[in-house]
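Subject: Handover of a structure and the findings on it

Dear colleague,

Please find below the structure that I am handing over to you. My notes on its domains, contacts and helix packing follow it.

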Amino acid sequence: MKIFLTILLKELVSFFRSFGLVILVIYFFTAEVYVAANGMEIEAKNVAVGVVDKSAGGMSKKILSNLHSPEFQTPKFYKSQKELSDAIYNKDIMVGMIFDEQFEKNYYKNLNPTINILIDSTTASQSLMAIGYIQNILMKFNNLKLPVALKMHKLFNQNADTGLFMGVSELLSVITLLTTILTAIAFVKEKESGTWDIMLLMPVNPKIIILAKSLSQIIIIMLGVTISVGLILFQSLDVPINGNLLNFFILTFFYVATTAGIGLFIAAVSKNIMQISQLSIVIMMPIIFLSGAWTPIYAMHPLLQYISAITPLSYYIEGCESIFFRGTEFIDLLPYFGGVLILGVILYWYGFRKIGKLF
Amino acid sequence: MLEVKDLAVSHKKKLAIKNLSFKVADGEILGFIGADGAGKSSALNAIAGVIKFDGEILYNEFSYKSPKEAQKVKHDIGYMPQGIGLVLYKTLTIKEHLDFFTDIRDIKIDREFLEYKNHLLSMAGLEKFLERRAGDLSGGMMQKLSLVCTMLHRPKLLILDEPTTGVDPLSRIELWEILQQSAKEFNTISIISTAYMGEASKMDNILLFDEGEIIARGNSEQLIEEIKPFVYDKIETDKKHITISDTTYCLENLENQHQKPTLESLFFVNALKKDRLLPKLQIAKSKESIDKNVVVMKATKITKKFGDFYANRDVDCELKSGEILGLLGANGAGKTTFIKMLLGLLPLDGGELELFDKKIKNSDDRNKLKSQIGYVSQHFALYDDMTVRENMMFFASIHKIETLKAIKLIDNYSKELGFEKYLDEMPKSLPLGINQRFSLAVSILHEPKVLFLDEPTSGVDAIARAQFWELLKELKNKRGISILITTHYMSEAEFCDRVVLLKDGEKIADDRVENFYKKFPDAKSFEEIFLEYFR
């Protein structure tokens, strides 16, 4: 036990003394999560609109007055269609609207008035969203009597703020990447500096060395997660917590141990830190993409859906989103705990054996 | 003609070399001698124009003060950096190397050049191996090929950084023959650094480096003549002195027989002049009685293969208690592989190993013996991000030594081995000699019965090396520890009780030290004795 604690302490000391690594970990847990939450925008926001208005101007002004922030910038006016398309070409504006001479007349006479819309589709999702908004606005001016009225109730995230989801997803991805890399580094650093041989010659059960080393990295990650959840998720991003935070930390602990297993595997097959970074990217990127962090799993190809069922991250993400947003009770979280635990035991056992063979 | 005026080089504000001035004439071989970190490489790099420096360098009519200005003399310079085979490409053959260096130097291929090239190849004895890949060459052949490639464009100024370090004695002599011949034939200026004092006699002029300064200059006879009055047979005295092995150095007059000094003596006399006295290193006697002549380690026909390549082939070796066994050989002779197999860091591909009378078959057999073995790895690998004290505490705790006892032990050893000043510093910032002793202390914390040391004296200065050997003798005499040590310095054989000589993975000699001298009564040094085995 004393030996276990000695190794654990040594690993923590050497982590906190490697300045670069500490800064990197802090950066990933704070700035990276924050930037992902605020920088990645899928909704239309702050869209630049250009207008050519050949109509009398009454009706068009009414419509344009509905284009306001945060979705749209104040519309810019152009004299001709040519100027407008040039502006789109030069990326000055994203959406161009043309009201022709007949527009207002046709509107009052119910003669199918048309607005021509030019759109820059290089930013595909944003421009489609923008069209959606404009259509919604125009609906108000249509004198149609819709037989069905939609009344929307947004659950779990009342403002439909994607930033919150992005922040959480990014944190989970960061946990995944950092755990593998840090665990692998803890072992491979010794290979690089030549202390590996000395470690092998110590009269210590290798299992204790492996456990102590991986636990030390798990502790570091858990510290990072605590900082990130407190400072970034709750303080800056205002992520709600509808479930039990303790459940989140327990689930995270299991998940981190799982990923540490992957780290052990990588450490076993890498000779230097360079190889770690290459291997972790090759192994971890598919896991992150397939996990549902960026795309819902049900939207994937059926084959990929099966694969994603065996990535621990997919259970972890579902579990965490349930805890943060849906406020799910512990009993209903059990499938996620189960998924992470089962895959975790398999992965950690495999990594443990793989690195154990080097002793 | 090359003239260097007030050369100074600094690395990160630390002066590596200062106020270096000297002149070399055409056809002269100038040698830089000194320990690692004494500033030899910095000086060579500056002259080759590959790093920034202060001062001025005059080469014939050209003068340069920066790497940029040195560009105009580059076609006259042949530069070979430190490290075996560093300028070579492992997957290219010798012929492809020659073609590559011919093209990259844009050399006109005419009859004259072809003659010159063949002349170089035959000097180096490489003409028979043109189709062999560089990766398959021995260390000595690699260095000869590097030298040929460096000389292909007929440089007038050859700058070679430790071309012979770690190379077997025979190849070293051959390398020197090429250098001496080319100096004579082509009238080149050669500046060569070396870690081997024995090579000094082959140089026309020597600059002796110590801590970034030149402490002596002249040819080897002059240098030895200068310090003759300060070197005595071993004697006790109250005057300021340094005693190492059976020699006493003292600046004042002693009533004792004078001894013939060696070039190593220069460093001790210099230390005395600068008032750097050596701390007295002593190790407390262990209470247990020491039984001698017990076989501690017995290896029979040990073999290790990497692919088709035999790193060790049928090596027999025996280590008795209270014995210092030297495992000598050039780089790549299989010393480290052998020691790693003994330690169980590499599996055996053949042969049998017995430790403390027990056959070693699996890792369980080993685990029982781990507490009886101490190991110092090449380059003294310890944890860089922990201080000396923390490192020692860590290892003490791993060896289940009680905390209080550990603190006492650390205190004792740091005083005995003279590094108590450095206890709270990081290993990286320490001089190599201190690192060496601190690594030794770590390896004997748990009082092992046998100690394995892999190249502990490589790159360490002459004084620290001599001290280290004294320490090993103390350990042997007072603790009865058996020691197996590898080194590529053939001259260090004299400190051992028995020597095993390895060449290309095979044992070529194994005898007690005194017997070697009996076999070769005419030989002046171990270098010469071992040369016979390499021929």
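Two residues are in contact here if their C-beta atoms, placed from the backbone, lie within 7 Å. This is a predicted model, in which local features need pLDDT of at least 70 and side-chain atom pairs count only at pLDDT 80 or more, while totals for chains, interfaces and linings use all residues. Residues are numbered from 1 along each chain as its sequence is written, and chains are lettered from A and ligands numbered from 1 in the order in which they are written.

The contact between the chains takes 18 residues from chain A and 19 residues from chain B. On the side of chain A that touches chain B, helix H1 (2-17) and helix H8 (195-200) of chain A each supply at least two residues; helices are DSSP runs (H or I, at least four residues), numbered from the N terminus. H1(A) gives the largest share of that side, 7 residues. By class, the side of chain A that touches chain B has 8 nonpolar, 6 polar and 4 charged residues. In this scheme Ala, Val, Leu, Ile, Met, Phe, Trp, Tyr, Cys and Pro count as nonpolar, Asp, Glu, Lys and Arg as charged, and the others, Gly among them, as polar.

Chain A is assigned domain 1 (2-40 + 160-356) and domain 2 (49-141), the bounds coming from an automatic or database domain assignment. The centres of these two domains of chain A, taken over C-alpha atoms, are separated by 48 Å.

Within chain A, helix H2 (residues 19-39) and helix H9 (residues 206-236) pack with their axes 9 Å apart and at an angle of about 25 degrees. The axes are lines fitted to C-alpha atoms over the stretch in contact, and angles run from 0 to 180 degrees between N-to-C directions. That angle makes H2(A) roughly parallel to H9(A), a term used for angles under 35 degrees. Residues of H2(A) including Phe29(A) and Tyr34(A) meet residues of H9(A), among them Ile227(A) and Leu231(A). The contact of H2(A) with H9(A) has 8 nonpolar, 4 polar and no charged residues.

For chain B, the assignment gives domain 1 (2-218), domain 2 (223-273) and domain 3 (295-381 + 448-534). The contact between domain 1 and domain 3 of chain B takes 12 residues from domain 1 and 17 residues from domain 3. The side of domain 1 that touches domain 3 divides into 5 nonpolar, 5 polar and 2 charged residues.

With kind regards

Methods:
Parallel < 35°, antiparallel > 145°, perpendicular 65-115°, else oblique.
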